[in-house]
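Work through the exercises below with the sequence and the model in view, and try each task before reading its solution.

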Amino acid sequence: MSTEVQQETTPVGRCPFAIQDEQRALLDSGVIGSYDLYGVKHWLLASAEDVRLVTNDPRFSSAVPSEVLPIDRPGWFSGMDSPEHNRYRQKIARDFTLRAARKQEEIAIRVANACLDDIEAAGPGTDLIPGYAKRLPSEVINEVYGLSEEEGAALEASMRAVVGATDMAAIKTLSNEFFTHAVSLVRLKRDQQGDRLLHRLAEAGDDEVLLSEEEATGVFAVLLFAGHDSVQQMVGYCLYALLAHPEQQAALRANPDLIDGAVEEMLRYLPLNPLGVPRVCVEDVELHGQTIKAGDNVIPLYSTANRDPKAFDEPNTFDVTRRPEQHLAFGHGIHKCPGQHLARVLIKVAAQRLFERFPDIRLAGDVPMNPTGLFSPAELQVTWGPAA
């Protein structure tokens, strides 16, 4: 069975920690939904079981072009199936291991301390989003990639223009501008000496996985679009969750060893991403009494699946003592986010350093949420010190 879903476009009146009403109803009904995205029909899959199916079953392909995002660029491995997809993942594997993330934690702590120095110097009262939640991931990711501050800022601005576009014509134009900018950086790094990710991605040396200039640019673009903005938004959202739930913050203070599980719980609980990356069905599939035909577009709802009561006890409760190891915040299957370990480190460091530095930090007003795109705080005004 299926139901028509009208996607929310604004979070006015919505609880900042709740999944969308339409998606909750879809999860509760146990059926699949149909939904128009840019005028193209998509099937929505809400349960954890269905999301794992569509993200790990060869009948649902990432390689067949979607009518919504017809990206056909060398190296764009998020739009590929195995074995082609594996070649590009192999090229970046060493930079996104758990061991690499632990080394990057030292960089993250240094950057976090610098951010907090500036915040403290400005005196009580700040918006944590630009000066901490966005700055911390940006500077760490730039260092991981081997980008200067100026290179990173210019590339981020170009990427944000694409993400903020509201029609397909603008998306195509701005995407072309972004790729022109990105390929110029690949050429520049190819001529430089270095051992950061972009230097090695761009090199034409003795690496067993050799990429063309166009392929290197495509891989670089996937990493930026898939991870940069989402990590920034998630860091801010996690800080908001802890500020808005003082009892959970107190539990972490009482037992700092809970932090790794708390990061997993925040990833599970916070509905950052209302829509997953579309797949295309390559043969007819029967699901819940509904035929998904070959050629149909399908979207897995990761945030909704993370609230599935069949997968998680009391899924709508935020509990930092929980260890939800099978959550779907980073996706599932071969396309599971390659930067997941780095994202965890950034969230962990951001929370630990903030609350250690300002033990009495607290919200200082309403928290507006972003009305479109990723669901997360647009501002996060805080203060600290003695209460007025």
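**Exercise 1.** Is serine 138 buried or exposed?

*Solution.* The model is predicted, so local features need pLDDT of at least 70 and side-chain atom pairs count only at pLDDT 80 or more, while totals for chains, interfaces and linings use all residues. Residues are numbered from 1 along each chain as its sequence is written, and side-chain values use heavy atoms, with hydrogens and water left out. Begin by locating serine 138, which sits in helix 5 (residues 128–145); helices here are DSSP runs of H or I with at least four residues, numbered from the N terminus. Next, take its relative accessible area, which is 9%. Buried means under 20%, exposed over 50% and partly exposed in between, with a 1.4 Å probe and protein chains only, and serine 138 is therefore buried.

**Exercise 2.** Which residues does serine 138 touch, not counting residues up to four places away in sequence?

*Solution.* With contact taken as heavy atoms within 4.5 Å, serine 138 touches Glu156, His228 and Gln232. As a further step, consider glutamate 106, which is 32 residues from serine 138 in sequence and 15 Å from it in space, C-alpha to C-alpha.

Note on methods. Helices (H or I, at least four residues) and strands (E, at least two) are DSSP runs, numbered from the N terminus.
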